Number of protein chains: 2
Amino acid sequence: MISSIAELISDRIGTMPAGERRAAQTLIANYPLTGLKTVAEFSTAAGVSSPTILRFVARLGFQNYPEFQSALQDELAAQLQSPASRTLNSASPANGGAVSPMLEATLDNMRETFRHLTDKQLADIAARLAERRGKTFLIGGRFTDPLARYMAAHLAIIQPDVYHLAGQESIWRDRLIDMGKRDVLVIFDIRRYQESLLRFAEKAHQRGVQIVLFTDQWLSPIARFARHVIAGRTAVPSAWDSSAALFVVAETLIGAVTRQLEAAGAKRIRDLESLR
Amino acid sequence: MISSIAELISDRIGTMPAGERRAAQTLIANYPLTGLKTVAEFSTAAGVSSPTILRFVARLGFQNYPEFQSALQDELAAQLQSPASRTLNSASPANGGAVSPMLEATLDNMRETFRHLTDKQLADIAARLAERRGKTFLIGGRFTDPLARYMAAHLAIIQPDVYHLAGQESIWRDRLIDMGKRDVLVIFDIRRYQESLLRFAEKAHQRGVQIVLFTDQWLSPIARFARHVIAGRTAVPSAWDSSAALFVVAETLIGAVTRQLEAAGAKRIRDLESLR
DNA sequence: CAAATTACGTAACATAAGATACAGCGCTCC
DNA sequence: GGAGCGCTGTATCTTATGTTACGTAATTTG
């Protein structure tokens with residue numbers, strides 16, 4: 001199978017006449033830039049005439065020159081976006097302002113967070129979230145509740161019985177009555193840890209609920225009751241702590257759970273689509 | 001000293017009229033590809049007319065469009081040739097499981113997102129959010145609303161009149177009555193873009209509300225009405241798109257706004273503390 | 001609130017780009 | 001060594017691209 005135009009060229013370059021071969025070589029030499037220029041520029045660069053260039057692209061299977069250019073651009077777009085081949089000037093002094101420290105710290109937080117997180121841990125948690133024996137509840141603190149919402153919004157699509165606990169304490173406390181051993185409670189709690197969440201977690205724990213805790217590196221007191229603890233780095237040069245690392249862990253988990261439920265989930269998503 | 005065209009643009013984007021700013025944002029969003037296409041394609045991508053594109057490149061100091069394209073191509077050539085700094089930590093063999101690809105992609109997304117985002121842009125947006133002339137409203141789509149909540153939760157602490165628009169469409173539509181020129185509306189909208197948000201944004205725009213848009217690299221149609229556009233990378237090896245990059249941008253902005261309001265904000269935070 | 005200025009888009013224009021027809025040259029094969 | 005075939009370039013044509021002029025709308029300023 002031939003994907004890129006460069007491959008296509010090197011595949012057929014053997015069967016080409018001399019002039020077209022020169023065109024091909026010129027293009028490959030500084031791929032794909034020459035192909036983005038005009039036919040005239042291409043032709044002089046290759047030392048051949050314009051019609052030769054046109055015959056060359058025609059031989060590659062393109063109807064006309066613009067079509068050929070579009071293909072090159074699409075390919076370039078894919079390259080520029082995908083991390084793989086990018087040249088990425090992280091050393092660019094360009095943005096050396098106030099942005100970099102924040103970004104750098106965040107990136108470091110993520111690396112650190114994942115360094116202390118094994119595949120097995122994540123797989124276990126994902127498995128627990130994916131096994132459909134009971135219900136899944138999610139809740140967060142003052143600043144982390146949006147993370148709970150974000151996760152709930154995704155999980156609720158691929159499986160039933162996913163509930164985000166919102167509103168006043170009294171409201172979700174009453175939901176305890178519905179929780180049991182087979183259920184999972186996902187809690188987000190970072191400094192400063194919230195009393196109300198601790199109380200709630202304790203009671204849920206007493207009822208045998210499996211608790212998955214997202215917290216910071218200093219560990220919320222809830223860790224005491226949690227079956228799984230994810231400790232994310234939160235330090236950034238800002239007045240606030242960063243929840244970005246936890247956010248990425250959440251996304252990773254969402255992805256893992258989705259993969260596990262692929263068969264069942266795919267059908268469910270189709271069903272949901274048809275409901276619209 | 002200004003080397004790249006991207007820098008040149010972000011340097012002058014503040015002094016540009018609305019239409020040209022849209023052109024600039026569109027170009028930056030997936031730099032430099034849009035600039036390599038024809039004027040007509042560029043203009044439709046940006047949602048403006050061809051002459052606006054030409055005025056845009058003229059303002060950047062180019063004599064004509066081909067000259068501008070040549071400059072972009074030269075820049076691209078330099079980038080493609082230097083096999084530079086890539087693969088920072090891709091050599092970390094530690095966790096070679098299912099985690100790495102997700103994390104790596106996310107890290108790349110962030111670098112890429114910030115690469116297309118200058119300090120000046122962020123500073124401008126932060127300044128707009130910090131100037132206390134009017135109210136600040138935040139709203140998001142199905143999966144991004146938690147980001148709006150997250151940002152609102154922080155901003156609401158350091159300044160008054162910050163509102164997160166939640167619940168049904170009819171509810172926040174009625175809030176339009178309260179919005180005017182001095183107000184700011186922060187919208188989060190990534191694929192698949194939501195009709196309801198577009199309608200809401202258009203009406204808000206008509207009322208003169210300043211819109212700050214967080215979207216993905218393909219730009220929500222709301223970009224048309226936005227004063228500021230932040231285009232985050234969202235592609236990850238998962239069934240879902242990632243909002244992590246936008247999340248980090250949001251955190252960065254929160255930090256910047258906080259810094260600007262330091263004097264006023266610090267007092268406010270003390271007052272809040274004493275209320276507990 | 002009014003006037004002046006600036007910005008934007010529509011439409012017509014000129015130019016440069018890609019496409020094509022045809023003739024000359026070189027190469028191969030008989 | 002000659003005839004046929006194929007490749008290449010010159011010159012011409014057509015298309016569509018970039019450019020410009022002008023009228024209208026929006027925005028700013030007094």
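The following questions and answers go through some features of this predicted model.

User: What is the strand order of the open sheet of 5 strands in chain A?
Analyst: Strands of a sheet pair through backbone hydrogen bonds, either parallel or antiparallel. In this open sheet the pairing is parallel. The twist averages 15° from one strand to the next. The order is β2-β1-β3-β4-β5.

User: Which strands of chain A are the edge strands?
Analyst: An edge strand of this sheet pairs on one side only. That holds for the strand at residues 162–164 and for the one at residues 228–232 of chain A. The edge strands are therefore β2 and β5 of chain A.

User: Which residue is the bridge partner of A:Ile139 in β3(A)?
Analyst: Strand β1 of chain A covers residues 136–140, and strand β3 of chain A covers residues 184–188. These two strands pair in the parallel sense over 5 bridges. In β3(A), the partner of A:Ile139 is A:Ile187.

User: What angle does the direction of α11(A) make with that of β3(A)?
Analyst: Helix α11(A) packs on the sheet. It touches β1, β3 and β4 of chain A. Its direction and that of β3(A) make an angle of about 160°.

User: Why is the pair of A:Trp172 and A:Phe200 edge-to-face?
Analyst: A pair of aromatic rings is described by the distance of the centres and the angle of the planes. For A:Trp172 and A:Phe200 the centres are 4.9 Å apart. Planes over 60 degrees apart count as edge-to-face. This pair is edge-to-face because its planes are at 85°.

User: How many residues apart in sequence are the parts that the pair of A:Trp172 and A:Phe200 ties together?
Analyst: A:Trp172 is buried, and so is A:Phe200. A:Trp172 lies in helix α10 (residues 169–175) of chain A, while A:Phe200 lies in helix α11 (residues 195–206) of chain A. The pair therefore ties together parts whose separation in sequence is 28 residues.

User: Which residues do ring pairs link into a cluster?
Analyst: The count over all chains comes to 17 aromatic pairs. One cluster linked by ring pairs has members from chain A and chain B. Its residues are A:Tyr150, A:Phe247, B:Tyr150 and B:Phe247.

User: The charged end of A:Arg191 sits over the ring of which residue?
Analyst: A cis peptide bond joins A:Arg191 and A:Arg192, with omega about -10°. A:Arg192 lies in the loop between β3 and α11 of chain A. The charged end of A:Arg191 is 4.0 Å from the centre of the ring it sits over, that of A:Trp218.

User: What is the phi of A:Leu219, which is not a glycine?
Analyst: Most residues other than glycine have a negative phi, and most peptide bonds are trans. A:Leu219 is in the loop between β4 and β5 of chain A, and counts as partly exposed at 38% relative accessibility. Its phi is positive, at about 60°.

User: Where does B:Asp161 lie in chain B?
Analyst: B:Asp161 has a positive phi near 60° and is a residue other than glycine. Its relative accessible area is 36%, so it is partly exposed. It lies in the loop between α9 (145–158) and β2 (162–164) of chain B.

Notes. Residues are numbered from 1 along each chain as its sequence is written. Chains are lettered from A and ligands numbered from 1 in the order in which they are written. This is a predicted model: local features need pLDDT of at least 70, side-chain atom pairs count only at pLDDT 80 or more; totals for chains, interfaces and linings use all residues. Side-chain values use heavy atoms; hydrogens and water are left out. Rings of Phe, Tyr and Trp (its six-membered ring) pair if their centres lie within 6.5 Å; planes under 30 degrees apart count as stacked, over 60 as edge-to-face and the rest as tilted. Helices (H or I, at least four residues) and strands (E, at least two) are DSSP runs, numbered from the N terminus. Buried means under 20% relative accessible area, exposed over 50%, partly exposed in between (1.4 Å probe, protein chains only). A charge sits over a ring if NZ of Lys or CZ of Arg is within 6 Å of the ring centre and within 35 degrees of the ring normal. Axes are lines fitted to C-alpha atoms, for helices over the stretch in contact, and angles run from 0 to 180 degrees between N-to-C directions. Contact means heavy atoms within 4.5 Å.
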